[in-house]
Amino acid sequence: MAHEAVDIQPEHPMVLATLGKVQIANKDVSSAVSTFRKLVDLQPKSAQALVMLAEVQAMNKQPQAAIENVEAARSRRI
C-alpha cells in the first residue's frame, strides 16, 4: 500500500515518511535511506526529516552522515 501511495503522490511528505518506516520494518534499510533523503530534499528545513534520515543512516552503518544530519537538525530547531 505504501508503494501505491507513493505512485499516487510521490512528493507528499507523509507518504514518504510512511514508506520509509515500512522499509525499516521490512529491514530494507538502504531503501529507507533513499526515501528519507527524498523527504529531506522536499523539506530541507525540517529537523524531524533530518532526524529520521540520521536514524536510518545509523542503522545502515553510516555514522558520520548520521552525526552530520543530527547536527543539521539541531541547528534548525526553533
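Predicted model: local features only at pLDDT ≥ 70, side-chain atom pairs only at ≥ 80, totals over all residues.
Figure 1. Helix α3 itself spans residues 29-42, 14 residues in total. From its first C-alpha to its last, α3 reaches 20 Å, close to the 20 Å expected at 1.5 Å a residue.

**Figure 2. The contact between helices α2 and α3.** The axes of α2 and α3 come within 8 Å and cross at roughly 165°. Because this angle is over 145 degrees, α2 is roughly antiparallel to α3. The crossing of this pair, α2 and α3, is left-handed. On the α2 side, the contact is made by P13, L16, A17, L19, G20, K21, Q23 and I24. On the α3 side, V29, S31, A32, T35, F36, K38, L39 and L42 take part. By residue class, the contact of α2 with α3 comprises 10 nonpolar, 4 polar and 2 charged residues.

**Figure 3. The contact between helices α4 and α5.** Helix α5 covers residues 63-76 and packs with α4 at an angle of about 165°, the two axes lying 8 Å apart. The helices α4 and α5 are therefore roughly antiparallel to each other. Their crossing, that of α4 and α5, is left-handed. Helix α4 supplies A47, L50, V51, L53, A54, Q57 and A58 to the contact, and helix α5 supplies A65, A66, N69, V70, A72, A73 and R76. The residues of the contact of α4 with α5 divide into 11 nonpolar, 2 polar and 1 charged.

Figure 4. Q57 is located in helix α4. Its relative accessibility is 2%, so Q57 counts as buried, the cut-off being under 20%. Not counting residues up to four places away in sequence, Q57 touches V33, R37, Q62, A65, A66 and N69. The C-alpha atoms of Q57 and K21 are separated by 13 Å, and the two residues are 36 residues apart along the chain.

Figure 5. N69 is placed in helix α5. With a relative accessibility of 14%, N69 counts as buried. Leaving aside residues up to four places away in sequence, N69 touches L50, L53, A54 and Q57.

Figure 6. K27 is found in the loop between α2 and α3. Although K27 is not a glycine, its phi is positive, at about 60°. The relative accessible area of K27 is 72%, so this residue is exposed. K61 is found in the loop between α4 and α5. Phi at K61 is likewise positive, about 60°, although K61 is not a glycine. With a relative accessibility of 75%, K61 counts as exposed.

Notes. Residues numbered from 1 in each chain as written. Heavy atoms only, no water. Helix = DSSP H or I, 4+ residues; strand = E, 2+ residues; numbered from the N terminus. Expected span 1.5 Å × (residues − 1). Axes fitted to C-alpha atoms, helices over the stretch in contact; angles between N-to-C directions. Parallel < 35°, antiparallel > 145°, perpendicular 65-115°, else oblique. Left-handed = near helix turned anticlockwise from the far one by under 90°. Contact = heavy atoms within 4.5 Å. Nonpolar A, V, L, I, M, F, W, Y, C, P; charged D, E, K, R; others polar. Buried < 20%, exposed > 50% of the residue type's maximum accessible area, 1.4 Å probe, protein only.
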